[in-house]
Amino acid sequence: MRGRPALFTRYEADSAMLPTITQRVWLAIGLVAVIGAAVWLPRDWLILIATAFIAAIGVIGLNLVTGYAGQVSLGHAFFLGVGAYAGAAFGGEATEKLVGMGLDVIFWLPLAGLTAGFIGAAIAPIAVRLRGLYLAFLTLGLVFLGEHIFREWESVTGGPGIGRKPGVLRLAGWRFDLDGQIAGYSVTREQQIYWLTLLVLIIMAFAAKNIVRSRIGRAFAAVRDRDIAAEVMGIDLTRYKVLAFGVSSFYAGVAGGLLFTVTGFVNTNSFNLLLSFTYIAMVVIGGAASITGSIMGAAFLTLLPRIIDGAGGVLPFLEVGSTGLLSTSQLERIVFGALIIGFLIFEPLGLNGIWMRLRNYWKAWPFSY
Amino acid sequence: MSERLLVFDEVRLSFAGVVAVDGVSFDVNAGELFAIIGPNGAGKTSIFNCLNGVYLPQEGRINLDGTDLLGLRPDKIAELGVARMFQNIELFSNLTTLDNILLGRNLHMKSGILSSALYFGKAKREETAHRRRAEEIIDFLEIAQYRKSLVGMLPYGVQKRVELGRALAMDPRILLLDEPVAGMNLEETEDMARFILDIQEELQVTMILVEHDMGLVMDIADRIMVIDFGRKIAEGTPDQIQKNPDVIRAYLGEEFETEGLDDEAPASEGSRL
């Protein structure tokens, strides 16, 4: 097949995740670049990008249930919170007031995901009877329930205003959250967190991509597009909705478990409605029903505040103090809102849609189609 | 040939006073192409919805080869081998033709969430094996060029064919066709008729056909049942049905009763009502 890379003679090759050599080469180059970038990026940027990696895991989870299976969930913040506290309980240090089992990260991170996943799957049967707006309201209720539980369950969460430390990033005695030395080279805490979260993101993203291209993902899409027809074709609606919520919550749990290891502190009021909306916005801006889009949306919205901060020095009407027309945080909120509206109206396929269009344009270039 | 595959016995379905299916009984033999005709609103699609488990009739018995279907969930009935092609296209419009047809294979696939996430070994082999079957159906229905197109973008006639393919991919024991040629031109209708006959002969699938195109029904059906206002008014071979005075009355009205009984196509005569 030399010289005809797009000619497939086997079904395996045709349904491969990266069918062409070009795609594989670019992915490899991209990965090397992202991994290598940690060497020269400043510490604050490393932390910011690591936060984007973690957010991307959570957004992939939300996209699985909302973008692929079509079940709108506003309760993602709740599952992020469950993951954060499960991670802290399994992987954090115990004090006289707080529960903490001090497990290694390789145990507590999956446990954080599983805890959130089981709670998601347990709540799903109630949600299965509802659709659209009603489901959105039910999941909205979860956020408020969660906020209350997180405030009151002080032996796990530390209580409001006090909080607690998240799970410790430790594996067989090695600490990822401290500066260290590997084979004579010194690595910073930020570099290690960056690489670790990148690794988790890669694993989770590939797993999600596999789920959506196999029978489970097709069944999710069938439930989303035509639920009655799906049922008549032998797809058990309850089973797949429970599965979608379970998997989505697992992803949220893992993301939640990692999210606060970056700052080193979990506050009980972090898991509010605004967090849920931010994740919905990342799905919308990145592109619904797209794993790549999830990552792009998470990266875009996580880096946006920093970009606007940078613009503060350039744009004349922005003032750092309170003297100007707008403060940067006000501008940030305006841009955030405008972006959601803009994408919904002009680019419903999100950043992924823009990317696909550009790619197809250059594929066909210099012809128009 | 004369083995009874499906028994539909005295089924009664009503919605708050409106009786949609009123004590209808019929049997379908294995390998047969059984047609149900009747004026609009007669209850044809309601019968299909009872068979599929979408509606639960208040009375009666539905039995597929010894298994009672009444009260089972639609997905369980699908697993027992009842497939359906819908009247209004009910394809998964954001998926490709291939994915739609592979969804028909879903009930024969076993991979769980973990093996799917790994996509390795057994899960991968399963995908490939079912892809092969899906490709056979794509070949059979001559839709290979639309394999990777989103079905929402395809022309109407092709969408109907994809929907037939999706139902066929389930390897059904009985296939319910709800107006497969509605809104099609002569050429598309003839293509569809050819596919239906091929399914009967090559794949030996038993079929129930609901259709308003009388020419098609009379040409390809083995037996026909006529219903009106939820009640069965006649059953028999196409010849018998065409000569049945009750059928002519249902289609053309009361006054026409004594005239023109021997005309071969009652629907082609103008109603005098």
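This is a predicted model: local features need pLDDT of at least 70, side-chain atom pairs count only at pLDDT 80 or more; totals for chains, interfaces and linings use all residues.
Residues are numbered from 1 along each chain as its sequence is written, while chains are lettered from A and ligands numbered from 1 in the order in which they are written.

**View 1. Overall dimensions of chain A.** The secondary structure of chain A comprises 15 helices and four strands, where helices (H or I, at least four residues) and strands (E, at least two) are DSSP runs numbered from the N terminus. Its radius of gyration is 22 Å, close to the 21 Å that the globule rule gives for 369 residues, so chain A is as compact as a globular protein of that length; the radius is taken over C-alpha atoms, and the rule is 2.2 Å times the number of residues to the power 0.38. Taken along the principal axes, the C-alpha atoms of chain A fill a box of roughly 65 × 55 × 50 Å. Buried residues make up 44% of the 369 residues in chain A, a residue being buried if 20 or more other C-beta atoms lie within 10 Å of its own, exposed if 12 or fewer, and partly exposed in between, with C-beta atoms placed from the backbone. Of the contacts in chain A with a separation of 6 or more, 75% are between residues 24 or more positions apart, two residues being in contact if their C-beta atoms, placed from the backbone, lie within 7 Å.

**View 2. The contact between chain A and chain B.** Here 25 residues of chain A are in contact with 33 residues of chain B. On the side of chain A that touches chain B, the elements that give two or more residues are helix 1 (11-14), helix 8, helix 9, helix 10 and helix 11 of chain A. Helix 9 of chain A provides the largest share of that side, seven residues.

**View 3. The largest nonpolar core around A:Y251.** A nonpolar core is a set of buried Ala, Val, Leu, Ile, Met, Phe, Trp, Tyr and Cys residues joined through C-beta atoms within 7 Å. The largest one has 176 residues, of which A:A56, A:I57, A:Y251, A:V254 and A:A255 touch the most other members. Helix 3 of chain A gives the most to this core, with 15 residues. The core also draws at least three residues from each of domain 1 (1-81 + 172-273) and domain 2 (92-169) of chain B. Leaving aside its neighbours within four places in sequence, A:Y251 is in contact with A:I57, A:G58, A:I60, A:G61, A:L64 and A:M204.

**View 4. The two domains of chain B.** Chain B is divided into domain 1 (1-81 + 172-273) and domain 2 (92-169), with bounds that come from an automatic or database domain assignment. The contact between the domains takes eleven residues from domain 1 of chain B and eight residues from domain 2 of chain B. Helix 2 (74-79) and helix 7 (186-203) of chain B are the elements that give two or more residues to the side of domain 1 that touches domain 2, and helix 7 of chain B gives the most, with four residues. The C-alpha centres of the two domains lie 28 Å apart.

**View 5. The open sheet of chain B.** Six strands form an open sheet in the order 6-7-8-3-9-10 in chain B, with mixed pairing; two strands pair if DSSP finds at least two bridges between them. The edge strands, each pairing on one side only, are strand 6 (82-85) and strand 10 (231-236) of chain B. Neighbouring strands of this sheet are turned by 20° against each other on average, direction ignored. Helix 6 (residues 156-168) of chain B lies across strand 6 and strand 7 (174-178) of chain B, running at about 175° to strand 6; axes are lines fitted to C-alpha atoms, for helices over the stretch in contact, and angles run from 0 to 180 degrees between N-to-C directions.

**View 6. The hairpin of strands 9 and 10 in chain B.** Strand 9 (residues 223-228) and strand 10 of chain B pair in the antiparallel sense over five bridges, and B:I224 stands opposite B:G236 in strand 10. The two strands form a hairpin with two residues between them, and B:F229 in the turn has a positive phi of about 50°.
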